[in-house]
Amino acid sequence: MTRHVCVGAVLMLLINIEGTFCLYPPQDVKLVGSYLQWKKPPDEDSVLYLLQYKHGSKSDDEWYNVMSHNETELRFKITPEFYEAVFRVRAEKGYNMSEWQYSKKVQCVNANSCVPVMKLSVKPEKVYVTMEHMDESLEKEHGENIQFNVSFWKVDNGGYSKVEFIITNSRKQKLELESGQNYCFQVQYLFYEKPYGNVSNQSCAIIPEPPEMIKSRDLLFIILTTLLFTAMCGVCIFLLFKHHKKVKQLLQPLRLEIPDHYLEFLRSGDGEFPLQACPSPSSQSLQSCDMIIVIENSSVKQKGQEEEQVF
């Protein structure tokens with residue numbers, strides 16, 4: 001009895017599921033240029049379409065509703081934010097719905113916003129610009145009609161020189177530029193010689209000088225320094241020779257003049273030493289002055305004795 005009940009429940013569930021997905025799904029879901037489009041289910045009118053997307057490739061990634069889609073339209077304009085996204089669409093009518101139909105991943109050929117991936121390799125007096133596609137869809141779809149437009153210019157003291165352009169199908173371009181200067185680069189697609197997609201970010205680099213130029217500049221600096229030093233030495237020798245008398249006077253030591261009362265004593269020859277005021281004998285720091293007083297007194301006594309003998 002229990003078995004029959006379970007079998008009946010399963011049959012009822014299958015009937016409900018079949019009734020839920022009784023609508024035919026949208027037909028021929030595909031990416032055409034910048035549009036996702038599909039065809040309405042056969043023998044179905046007045047149906048709505050639910051459109052969802054996800055960016056990841058994993059099965060458990062979350063799906064999001066495309067809110068900008070009109071539920072009655074059979075196509076959707078792909079904008080840049082949907083690059084590398086996957087879409088799915090189903091038909092709905094009342095409580096009935098169809099199975100999901102999936103699109104391929106959105107690539108550059110579907111989103112008109114792709115830019116080439118640019119890399120710079122700087123060498124002395126040259127730079128190699130390498131360009132890669134974000135995916136191969138443009139090259140597969142358009143072949144040689146898709147080209148790279150490389151623009152570059154020199155940055156000089158905060159200003160910019162005239163922008164130069166090179167149009168090429170090659171993914172690697174060699175540019176010979178002025179060494180020691182700062183150059184900036186950008187690249188964009190050209191489709192039938194018209195701009196396609198967005199412009200890449202600006203990349204700048206300083207072009208290095210070759211080793212020979214660096215050695216020559218160092219040698220020139222040494223030579224100029226030597227000449228300047230030699231010239232300065234020559235000027236100094238010339239000035240010394242021309243003004244040697246003044247230089248000689250400046251180099252003589254300072255003259256120490258003898259006080260006048262000492263000169264008067266030395267020139268008189270009479271042995272009389274001029275007297276000077278002397279501080280009190282209580283000052284211990286001027287004992288030499290006391291000795292001079294004693295000597296002077298003894299000479300006065302001797303002179304007095306000589307005068308008495310004469311008389």
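Two disulfides are found in this structure, which is a predicted model. One of them joins Cys108 to Cys114, and the other joins Cys184 to Cys204.

**The Cys108–Cys114 disulfide**

- The sulfur atoms of Cys108 and Cys114 sit 2.2 Å apart.
- This link of Cys108 and Cys114 is left-handed, with -95° about the S-S bond.
- Cys108 is buried, at 1% relative accessibility, and Cys114 is buried too, with a relative accessible area of 1%.

**The Cys184–Cys204 disulfide**

- Between Cys184 and Cys204, the distance from S to S is 1.9 Å.
- The link of Cys184 and Cys204 is right-handed, with 100° about the S-S bond.
- This pair connects distant parts of the chain, 20 residues apart: Cys184 belongs to strand S15 (residues 182–191), and Cys204 to strand S17 (residues 203–206).
- Cys184 is buried, because its relative accessible area of 2% falls under the 20% cut-off.
- Cys204, with a relative accessible area of 40%, is partly exposed.

- Cys233 counts as partly exposed at 31% relative accessibility, and Cys236 counts as partly exposed at 45%.

**A buried asparagine in a loop**

- Asn110 is found in the loop that runs between strand S8 (101–102) and strand S9 (117–123).
- Is Asn110 buried or exposed? Asn110 is buried, because its relative accessible area is 6%, under the 20% cut-off.
- Leaving aside residues up to four places away in sequence, Asn110 touches Leu31, Gly33, Ser34, Ile78 and Lys105.

- Leu219, Leu220, Ile223, Leu224 and Leu227 make a nonpolar surface patch of about 490 Å².
- One of these residues, Leu224, is placed in helix H3 (residues 211–242).
- Leu224 has a relative accessible area of 49%, so this residue is partly exposed. That value can count toward a patch because patch residues need over 30% relative accessible area.

Technical notes
Residues numbered from 1 in each chain as written. Predicted model: local features only at pLDDT ≥ 70, side-chain atom pairs only at ≥ 80, totals over all residues. Heavy atoms only, no water. Patch = residues over 30% accessible without salt bridge, like charges linked within 9 Å, V, L, I, M, F, W, Y side chains within 5 Å. Areas by Shrake-Rupley, 256 points an atom, 1.4 Å probe, with all protein chains shown as cover. Salt bridge = Lys/Arg side-chain N within 4 Å of Asp/Glu carboxyl O. Helix = DSSP H or I, 4+ residues; strand = E, 2+ residues; numbered from the N terminus. Buried < 20%, exposed > 50% of the residue type's maximum accessible area, 1.4 Å probe, protein only. Contact = heavy atoms within 4.5 Å. Disulfide = S-S within 2.5 Å.
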